[in-house]
Each structure stands twice: as C-alpha cells, then as structure tokens.
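Okay, thanks everyone, let me get this on the screen.

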Amino acid sequence: MDYQDYTTFKAEKNEAVLTVTFDYPPVNIQGIPMLDDLNRLAETLEEDRSVKVVVFQSAHPEIFVAHADTNFLKEMSTTAVSRDEVELLYLQSTLERISKLPQATIAKIEGFARGGGHEFALACDMRFAARGKAQFMQMEVGMGILPCGGGASRMARQAGLGRALEIILSARDFDADEAEAYGTINKALDPGEIGEYVDILAKRIAHFPAESINACKQSVYESIDMPIDEALKAEAYWLYQATSQTPAIKRFTIADEKGLEHDMENQRNWNDLVIGVQDIK
C-alpha cells in the first residue's frame, strides 16, 4: 500500500505501525487540503490489514493540529434548515471516517489542539498528551457557532454531560492534567516520557490479530449508546467476526489440551503470555 505524496502530513510505516506526522506550515491549519489527505489516508487504511495501529503526531514544536480553516467556515449557510434537510459537514464525515478505521488510532499530542484539532483527537481511539506543551480548547461558542467536527457529539461520551458543557461553553484553554481529570485524554505524561509510552503501547497492540483489534474496537463503539441487551448482542456478533478470521480457536484448543490455564505460573504471567501466544498462527 502507498502512503506517500500527502500535502499536510507524512506517513511512515514500521512493521504494523503507521506513524502520521502532521507537517503543514505555518500552523497545521485544518483546512480542505488536510481533510482531503485524511480521506485519502482512510481509503488506503480501510483496505490495509498489514497496518494495525496508526499514531498521529506533529512536526510542529507548538501545535498538534490547529482549528478549522476560516476559509471554509465562512462559507457555511446562514439559513436555518430543518432536521430532514440537514447534511453532514465535510469535517464531520471525515473525522467519523477516521473514528471508524479498522486500526487502533492513537493521538500523541505535544502542542495546541484547539477547535477542529481537538475534535480530530477526540475522533481517535486513544489520546496521550504532554504536560507543559499540550493545550486544548473548544472556542466555537465565542465565535457564534458550536463544535461541529464531532466535538459536541463526542465530548459528552468522553467526559460526561456537565464536564462537556463546561469545556464547550467556557471556551477556555485547559492543559494535559486537566484533560486527564476531565476524561478527554487517556493520560498526561511528561514530555520526556510520552514518546516511549506511546511507542511501547502501539507496538504491543500491533502484536495482535488485525481482525481482533477491529472487532474489539467496533464492539465498543457500537454498544456505547445501546441498551444492555442490544449491546450484548453486538458483542456476540463481533466475537464471531473475530473467531471466523483469527487463530483464536486453535489457541484455545492447544491451551485446553495442554492444561495451560491450570498452570499457576501462566496465571501469574498473562502480561507476557498474551504476546507469546501470537506465535500460534
């Protein structure tokens, strides 16, 4: 698969991990060129099971991804439309496509992520931010609109209603430690730690079957808004999508025949065992 010739970022594949580095001077603005690149990237990733994890980072020393480009925001309609007539914005559909990728996606945030840049991070599966460098904001209410790249929709799912409304309506900067407390990121890390932490996590996930990663991801996303009985059915559905495409049953059979689950040393060492079992194809 070809991951070359993007305008707003560079993509480098190392075994099963693809690292995407935003590099769109002067400020990594989130405009049509970036959205076009992200759609082209998604089109390739949707068909590429050799990539299991995608890490998004930035080459800019102060900015992860900036807010949406006012060049296309100023073209938004000033006429209110009915619910039946409304269509998704290009920003919304692009970030939803990123959210639904079969790969695990990780945002490594070491600079400003405001407006659409923050919404991009929220569309990723996991987010890690560097203390003293990362800053987050949704400024849209102050401009007379609302977060419209999934921010209003995803924020409450991450942080709960009250915190989501505080973030959106205050339109203020908050740092990595606040973001961790809010629940909008997984973890705040010191600048010297974040690279190694994300690298180790990405490589660990990349050991596992692509089909299992996708099934886990889709099950979690699909079930979050369902009643529990429907969520359990979705879980069962994705279970069989995984077992039909991975060596899971072969691994369980070997474990059963050798009585491996009854070995106390195995019970003590699952953290390493789950990596070792990947040798069973």
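Predicted model: local features only at pLDDT ≥ 70, side-chain atom pairs only at ≥ 80, totals over all residues.

So, glutamate 230: buried, exposed or in between? With a relative accessibility of 41%, glutamate 230 counts as partly exposed. You'll find it in helix H11, which runs over residues 228-243.

Let me zoom out for the overall picture. There are 14 helices and 10 strands in the protein. The radius of gyration is 20 Å, close to the 19 Å that the globule rule gives for 281 residues, so the protein is as compact as a globular protein of that length. The C-alpha trace spans about 65 × 45 × 40 Å along the principal axes. Of the 281 residues, 43% are buried. Then the contacts: taking those between residues at least 6 apart in sequence, 72% join residues at least 24 apart. As for the surface, the protein exposes about 15,200 Å², and carbon and sulfur atoms supply 54% of that.

Now the aromatics. How many aromatic pairs do we get? The count comes to 11. Take tyrosine 6 and phenylalanine 9: the ring centres are 4.7 Å apart and the planes sit at 35°, so this pair is tilted; the cut-offs put stacked under 30 degrees and edge-to-face over 60. Tyrosine 6 and phenylalanine 9 are both buried. Then there's phenylalanine 56 with phenylalanine 120, which is edge-to-face, with 4.9 Å from centre to centre and 90° between the planes. That pair links distant parts of the chain: phenylalanine 56 belongs to strand S3, residues 53-58, and phenylalanine 120 to helix H4, residues 116-123, so to speak 64 residues apart. Phenylalanine 56 and phenylalanine 120 are buried too. Put together, Tyr6, Phe9, Phe22, Phe56, Phe64 and Phe120 form one aromatic cluster. One more ring to look at: arginine 114 lies over the face of phenylalanine 112, 4.3 Å from the ring centre.

On to helix H7, residues 161-170. Which residues of H7 are buried? Those are Ala164, Ile167 and Ile168. They cover an arc of only 90° around the axis, which puts them on the same side of H7. Turn to the face away from that buried side and you get the exposed residues Gly162 and Leu169. And what covers the buried residues of H7? The cover includes helix H5 (140-143), helix H6 (151-159), strand S9 (174-175) and helix H8 (176-182). Just after H7, alanine 171 takes a positive phi, about 50°.

Staying with Ile167 for a moment, one of its contacts is threonine 184. Threonine 184 is in the loop between H8 and strand S10 (187-189). Its relative accessibility is 1%, so threonine 184 counts as buried, the cut-off being under 20%. Leaving out residues up to four places away in sequence, threonine 184 touches His118, Leu122, Arg127, Met155, Gln158, Ala159, Ile167, Phe174 and Ala179.

Proline 26 is in the loop between strand S2 (17-22) and helix H1 (32-45). Asparagine 28 is found in the loop between S2 and H1 as well, and its phi is near 55°, a positive value in a residue other than glycine. Asparagine 28 is buried, with a relative accessible area of 2%. Aspartate 5 also has a positive phi, near 65°. Aspartate 5 lies in the segment before strand S1 (9-14). Buried or exposed, then, for aspartate 5? Exposed, at a relative accessible area of 66%.

That's my tour, happy to go back to any of these spots.

Terms used. Residues numbered from 1 in each chain as written. Heavy atoms only, no water. Phe/Tyr/Trp six-rings, centres within 6.5 Å; stacked < 30°, edge-to-face > 60°. Buried < 20%, exposed > 50% of the residue type's maximum accessible area, 1.4 Å probe, protein only. Helix = DSSP H or I, 4+ residues; strand = E, 2+ residues; numbered from the N terminus. Lys NZ or Arg CZ within 6 Å of the ring centre and 35° of its normal. Arc of directions from axis to C-beta. Contact = heavy atoms within 4.5 Å. Rg over C-alpha atoms; globule rule 2.2 N^0.38 Å. Areas by Shrake-Rupley, 256 points an atom, 1.4 Å probe, with all protein chains shown as cover.
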